[in-house]
Amino acid sequence: MSSPDVVLPGDISNLGVGFDPLADAGADAGEGNAGEDAVHIRVQQRNGRKSLTTVQGLKEKYDYNKVLKALKKEFCCNGTVVEDPELGKVIQLQGDQRKNVSDFLLGQKLVKKDQIKIHG
C-alpha cells in the first residue's frame, strides 16, 4: 500500500527523530578553548537611562575585590561583587562600561582577547 519512503499526513512514527538546531550552539568551530573559561561582559538595563555592567567568568585566582577597586577607580563609577549560587562571583558596575572593562582586562593581561565575550 505505502512504501517506507512515503510519509502520510497522519503518520507520526517519525516524530522521535528530529534535528535539534540548538544542540551544538555553544560549540562554534572558531571559539577554541574560550567556551569554558570565557569572561562574559554584559549590560543590563535598569530604569530609564540607568544601566548596569556585569563581568562574570574571571578566574578564581584573582582577588575580585582588588579588581573591582581598580575598575571603580579607573572609570569613576560605583560597583560591587555579588555571589551567585550558579554563576559564582559576578562584578557589577554602574553604567555601560563594556568597552572600558574589556580594554582594562586586556591591558592588565588578566584575560586574552579570544576569552572576552561582550554581550548586548
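**Close-up legends: sheet, helices and loops**

View A. In the pairing shown here, Gly79 stands opposite Leu93 in E4. The model is predicted, and local features are reported only at pLDDT of at least 70 and side-chain atom pairs only at pLDDT 80 or more, whereas totals for chains, interfaces and linings use all residues. Residues are numbered from 1 along each chain as its sequence is written, and side-chain values rest on heavy atoms, without hydrogens or water. Strand E3 (residues 79-84) runs antiparallel to E4 and is joined to it by six bridges, and three residues lie between the two strands of this hairpin. Elements are DSSP runs numbered from the N terminus, helices being H or I of at least four residues and strands E of at least two, and two strands count as paired if DSSP finds at least two bridges between them.

**View B. The open sheet is built from five strands with mixed pairing.** The order of the strands is E3-E4-E2-E1-E5, and the edge strands, E3 and E5, each pair on one side only. From one strand to the next the twist averages 25°, with axes taken as lines fitted to C-alpha atoms (for helices over the stretch in contact) and angles running from 0 to 180 degrees between N-to-C directions. Strand E2 (residues 51-56) pairs with strand E4 (residues 88-94) in the antiparallel sense over five bridges, and Leu52 has Gln94 as its bridge partner in E4. Strand E1 (residues 39-45) is antiparallel to E2 over six bridges, with Ile41 opposite Val55 of E2.

**View C. Helix H1 lies across E3 and E4.** Its direction is at about 15° to E4. The 12 residues of H1 should span 16 Å at 1.5 Å a residue, which agrees with the 16 Å between its end C-alpha atoms; the expected span is 1.5 Å times one less than the number of residues. The buried residues of H1 are Tyr64, Val67, Leu68, Leu71 and Phe75, where buried means under 20% relative accessible area, exposed over 50% and partly exposed in between (1.4 Å probe, protein chains only). Because these residues cover an arc of only 100° around the axis, they sit on the same side of H1, the arc being that of the directions from the helix axis to the C-beta atoms. Asn65, Lys66, Lys69 and Lys73 are exposed on the other side of H1. The cover over the buried residues of H1 includes E3, E4 and H2, contact being heavy atoms within 4.5 Å.

**View D. Phe75 and Phe104 form an aromatic pair.** This is the one aromatic pair in the structure, and the two rings are edge-to-face, at 6.2 Å centre to centre with 75° between the planes. Rings of Phe, Tyr and Trp (its six-membered ring) pair if their centres lie within 6.5 Å, with planes under 30 degrees apart counted as stacked, over 60 as edge-to-face and the rest as tilted. Phe75 belongs to helix H1 (residues 64-75) and Phe104 to helix H2 (residues 98-107), so that the pair links parts of the chain 29 residues apart. Phe75 is buried at 16% relative accessible area, and Phe104 is buried at 11%.

**View E. Cys76 and Lys109 have positive phi values.** Most residues other than glycine have a negative phi. Lys109, with a phi of about 60°, is found in the loop between H2 and strand E5 (116-118) and is exposed at 70%.
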